[in-house]
Amino acid sequence: MMQTLEELKAGKYQGATSLKLSEELTTFPQEIFDLADTLELLDLSHNRLSTIPDLSAFTNLKQAFISFNRLTSVPDSFKSCDKLYMLGLKGNQIETFDEDILPRSISWLILTDNKITKLPQSIGKLENLQKFPIAGNLITRLPDEMSACKNLELLRVSANRLQEIPDWLLELPKLSWFAFSGNPCSKSLETKIEEVHYESLKIKEVLGEGASGIISRGYSETLGRDVAVKLFKGDITSDGYAKDEMHAYMSMEDHDNLIKVLAKIKGDNPLGLLLELIPKQYENLGFPPDFQTCTRDTFREGEVFSMQTIETVAKAILSVARDIHQKGMMHGDLYAHNILIDRENDHCYLGDFGAASFYDTNNKKFEKLEVRAFGCLLDDMLSFCEDTSSESYQRMQNLSQKCMQKDQTLRPTFSEIEL
C-alpha cells in the first residue's frame with residue numbers, strides 16, 4: 001500500500017519496517033531518518049530524485065528501490081548498510097558506477113535501462129551476488145574481476161555493446177539463466193513470417209501480462225480464427241530488445257510443447273505477435289521467484305507433484321531444449337513460471353522467449369548453462385513430491401544433481417540426457 005509524505009511528516013509511521021513513497025519527490029525527505037532503526041524496505045521509485053544521502057544509519061535496511069528517478073550515478077549511500085541484499089535502480093539516467101560503493105551483502109542488483117558504460121572492478125567483491133539484470137545499458141565489456149562472483153545465477157546483459165562473451169563468464173559454477181541478445185557479439189536471426197494489419201484484429205480480454213508485454217484474446221480477420229495477441233510494451237524490455245524476442249519466437253519450428261506463432265503485426269506500431277490460443281485449463285506450473293528465493297521459483301501453497309507429472313514435464317521440456325539448442329538458441333529463462341500445464345493430462349508448453357539468445361553451436365558452454373537451469377527445474381519439482389522412496393524419484397534426483405554440477409564440463413548436454 002502506498003504511503004504519503006504528509007502522514008510521514010505527522011509521525012504516523014514511527015516504528016514502520018517498510019516505506020513506499022511516490023509523490024514526484026525531488027529531495028530525500030529528512031523525516032525518513034526517524035525510521036532508521038526499524039526500516040527494512042525503502043521504496044522511493046517513480047519520483048524525481050537526483051541524489052540520495054548517506055543511509056549508514058539504516059542498520060536494518062534489507063531492500064531499497066530507487067527506480068525510475070533521475071540518478072546519474074550509482075549512489076554510494078548504501079555502502080555501510082550491511083544487511084542490504086536487494087537494490088533496485090532501474091530506469092534512471094545512471095552513467096557512472098564507482099569502485100567500492102556497495103555493501104558486500106548485495107545478492108540482487110537491478111541496473112536495467114540506464115546509460116552505464118563501464119562496470120567497476122569491485123563488482124567482483126560482491127561474493128553474494130546471485131541476480132544481476134543490467135540489460136539496456138552501454139557496456140562494452142565485463143570486467144575480469146567479475147569472475148569472482150561464484151554465486152551468480154541470473155545475468156541479463158542484453159541490449160548493451162558487448163564485443164564478446166568471455167569464457168570465464170560461461171564457466172561460472174552457478175550461472176543458469178543468461179540473456180545476451182542485442183549485442184555486437186550475439187548472433188541475430190531474421191525470419192520471415194506472415195504479417196497482418198493491426199486494424200484487422202479484434203482485441204478482447206487480457207489473458208496475462210509479463211515483463212515484456214501484454215497477451216490478450218483476439219480474433220484475426222486475416223487468419224479467420226481466434227488468436228492470442230502479444231503486444232510488446234516498448235522497443236526495450238527488461239530482458240532486451242523486443243524485436244530479438246520476436247525473432248526468437250518466429251524462428252521456432254512446430255513442436256508439441258511450444259506455442260505456435262501464427263503471424264506478426266505488420267510494422268512496428270505496435271510491435272506484436274499472433275500466437276496460438278491456448279485452452280483455458282492451462283495454468284502456470286509455478287510462480288516467479290520472490291524476495292526470499294531470489295533466483296528460484298515459488299509454487300502454490302500445498303503444491304504436490306506426482307512422479308508421473310514430474311517425468312512428463314521433464315520429458316517435454318527436454319525435448320524442446322534439444323530442438324532449440326540444436327539450432328543455437330538458448331531460452332535464457334527456463335523456469336516453472338514460464339511453463340503452462342494442463343493438470344488433467346500433464347501436457348505442457350514452454351513459453352516466454354524474452355530472454356532467448358542465439359549462439360555458435362560449436363561452443364557447448366552456452367548449452368550447459370541452460371542444462372543447469374533444467375536441473376534446477378527438476379530440483380524444484382522434486383521438492384514438492386512425496387514419493388521420495390521410489391526408484392523414479394532417485395533416478396530423477398540423480399539427474400538433477402548431475403545437471404547442477406559446479407564443474408560444467410561434467411554436465412551432460414541435452415542430447416546426452418536420457419529419460
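The structure holds 23 salt bridges. This is a predicted model, with local features needing pLDDT of at least 70, side-chain atom pairs counted only at pLDDT 80 or more, and totals for chains, interfaces and linings using all residues. Residues are numbered from 1 along each chain as its sequence is written, and side-chain values use heavy atoms, with hydrogens and water left out.

Me: What makes Glu283 and Arg300 a salt bridge?
Reply: The cut-off is a side-chain nitrogen of Lys or Arg within 4 Å of a carboxyl oxygen of Asp or Glu. For Glu283 and Arg300 the closest N and O atoms are 3.4 Å apart, so the pair qualifies. Glu283 sits in strand E17 and Arg300 in the loop between E17 and H4, so the pair ties together parts 17 residues apart in sequence. (Helices, H or I of at least four residues, and strands, E of at least two, are DSSP runs numbered from the N terminus.)

Me: Why is Glu283 called partly exposed?
Reply: Buried means under 20% relative accessible area, exposed means over 50%, and partly exposed is in between (1.4 Å probe, protein chains only). Glu283 has 33%, so it lands in between. Arg300, at 39%, is partly exposed too.

Me: How do you know that Asp379 and Arg296 meet in a salt bridge?
Reply: Their N to O distance is 2.8 Å, so the pair passes the cut-off. Asp379 is in helix H5 (residues 365-382) and Arg296 in the loop between E17 and H4, so this contact ties together parts 83 residues apart in sequence. Asp379 counts as partly exposed, with 26% relative accessibility.

Me: What makes Glu311 buried, and is Arg395 buried or partly exposed?
Reply: Glu311 has a relative accessible area of 18%, so it falls on the buried side of the cut-off. Arg395 has 42%, which makes it partly exposed. The two form a salt bridge with their closest N and O atoms 2.7 Å apart. That links distant parts of the chain: Glu311 in helix H4 and Arg395 in helix H6 (residues 391-403), 84 residues apart.

Me: Why do E17 and E19 count as paired?
Reply: Two strands pair if DSSP finds at least two bridges between them. E17 and strand E19 (residues 339-342) have three, in the antiparallel sense, so they pair.

Me: What makes E17 and E20 edge strands?
Reply: The open, antiparallel sheet runs in the order E17-E19-E20. E17 (282-284) and E20 (347-350) each have a single partner strand, so one side of each is left without a neighbour in the sheet.

Me: What makes a set of residues a nonpolar core, and how many are in the largest one?
Reply: A core is a set of buried Ala, Val, Leu, Ile, Met, Phe, Trp, Tyr and Cys residues joined through side-chain atoms within 4.5 Å. The largest has 62 residues, and Leu111 and Phe132 are among those with the most contacts inside it. Helix H2 (167-170) is one of the elements giving two or more residues; H2 gives the most, with three. Apart from this core lies another, of 59 residues, including Leu273 and Ile317.
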